[in-house]
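Biologist: I would like to learn how to read a model like this one, feature by feature. Could we go through it together?

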Amino acid sequence: MATTSTEQLIRDIALLEEIKTSSKLIKLGFGELQNLNQSNNFYFLPFQILSQGFERLMKCHICLGYYNKYGNYPNLKYIKDLGHDLESLKKVILVDFFEDNHNVLSNDKQFLQKNTELEELLYILSEFGKMARYHNFDVITGNSKPSINAKELWVKFENKLLFSNPKSINKITDWDLRDELYGEHARHIIILFEKFVSALSRQFIWGHLGNKGKQYSSDISDFNIIFEKEFGIKDYRKNTTRYTQTPLKVHTRTLKDAIERKINPNFKSKKIHKNEYKGDWPFYVDEVIVECREKRWCIVTIDNKDYALNGNAKGRYKLENPCDAGMAILGKSFGEFITIAMNL
């Protein structure tokens, strides 16, 4: 039965809503991953959000690819038969609805096909989305075939990241740097997921999902134009309620602060520019000032605001550290700047 123009418009609008929803869910899920730290290990929330976001995006991709091939959207049975397994959905896309006639797209396809870390993470999220979100009820009810423990598998993945990097292991016993581990793990995982989503969404903008795909490309634009140097940079926490409702503890510098920095012999400071720094620059701005007070309290000044570099300063001045305040890239260490300040 032919679809009327009104019915087609309604279906197009519904698909647009799904694409927007998937994009919002994915960004929110990334933000919740970045929110994880020593005091917040609520993995359930990012699992729930990301499993939904990825499934919806891939099914939107399939709907557009199907329309481009056959001139109409798939029926309900086709979508239901796809199931909820993210790896299976990815395989359908790669076999039936993915073009790689360009170096960038060919690299995208190689990543989607061969990256084992992505495959492992998608498996955990798939199982969570299917049944593993009820794992505790399986345990409570004595289910003889319980679902997987998604959190346990995820932590095992993070532990592999931890023990593959000696510098990371040393942070376990360093109070000032322990939270950086959560940031490092989140950044590694988000880079994988950003590559995954950008590989899918580039099919929209490059026209391989037809004219409709091009029309919808702006609604997934947060991902379809990011490339290698931009992965792992964005702070997605700003999309989350936990982050926006937590008041930031920063100090805007005054004239008195400037005078004290200049004349107090117990306050030592140094301006550092990105171009002069030999390591992996962690801040969003190109220039900062590090300061050590009384040989114990280390702060960093960014855009005329003070942030705590070490735990001593955080406790003494009630300041946020640069990562928590969104002034440094989550997952990049600022431990070297503590050393620089202490050596002053």
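Biologist: Which residues are buried in helix 4?

Modeller: A word on the source comes before the answer: this is a predicted model, in which local features need pLDDT of at least 70 and side-chain atom pairs count only at pLDDT 80 or more, while totals for chains, interfaces and linings use all residues. Residues are numbered from 1 along each chain as its sequence is written, and side-chain values use heavy atoms, with hydrogens and water left out. Buried means under 20% relative accessible area, exposed over 50% and partly exposed in between, with a 1.4 Å probe and protein chains only; helices are DSSP runs of H or I of at least four residues, strands are runs of E of at least two, and both are numbered from the N terminus. In helix 4 the buried residues are Leu86, Glu87, Leu89, Lys90, Ile93 and Leu94.

Biologist: Why do the buried residues line one face of helix 4?

Modeller: An α-helix has 3.6 residues a turn, so residues three or four places apart point the same way. Here the buried residues fall within an arc of 160 degrees seen down the axis of helix 4, so they line one face; the arc is that of the directions from the helix axis to the C-beta atoms. The face turned away from the buried side carries the exposed Lys91 and Val95, whereas the cover over the buried residues includes helix 2, helix 3, helix 5, helix 6 and helix 10.

Biologist: Which residues have the most contacts inside the largest nonpolar core?

Modeller: In soluble globular proteins, nonpolar side chains tend to be buried together. A nonpolar core is a set of buried Ala, Val, Leu, Ile, Met, Phe, Trp, Tyr and Cys residues joined through side-chain atoms within 4.5 Å. The largest one has 55 residues, and those with the most contacts inside it are Phe30, Phe54, Leu112, Trp154, Phe193 and Phe196. Its largest share, 10 residues, comes from helix 2. A second, separate core of 24 residues includes Val290, Val300, Leu309 and Cys323.

Biologist: And the sheet: what is the order of its strands?

Modeller: Two strands pair if DSSP finds at least two bridges between them. This open sheet of five strands has the order 1-5-4-3-2 with antiparallel pairing, and its edge strands, strand 1 (251-252) and strand 2 (267-273), each pair on one side only. Strand 2 is joined to strand 3 (residues 287-293) over seven bridges in the antiparallel sense, with His273 standing opposite Glu287.

Methods. Contact means heavy atoms within 4.5 Å.
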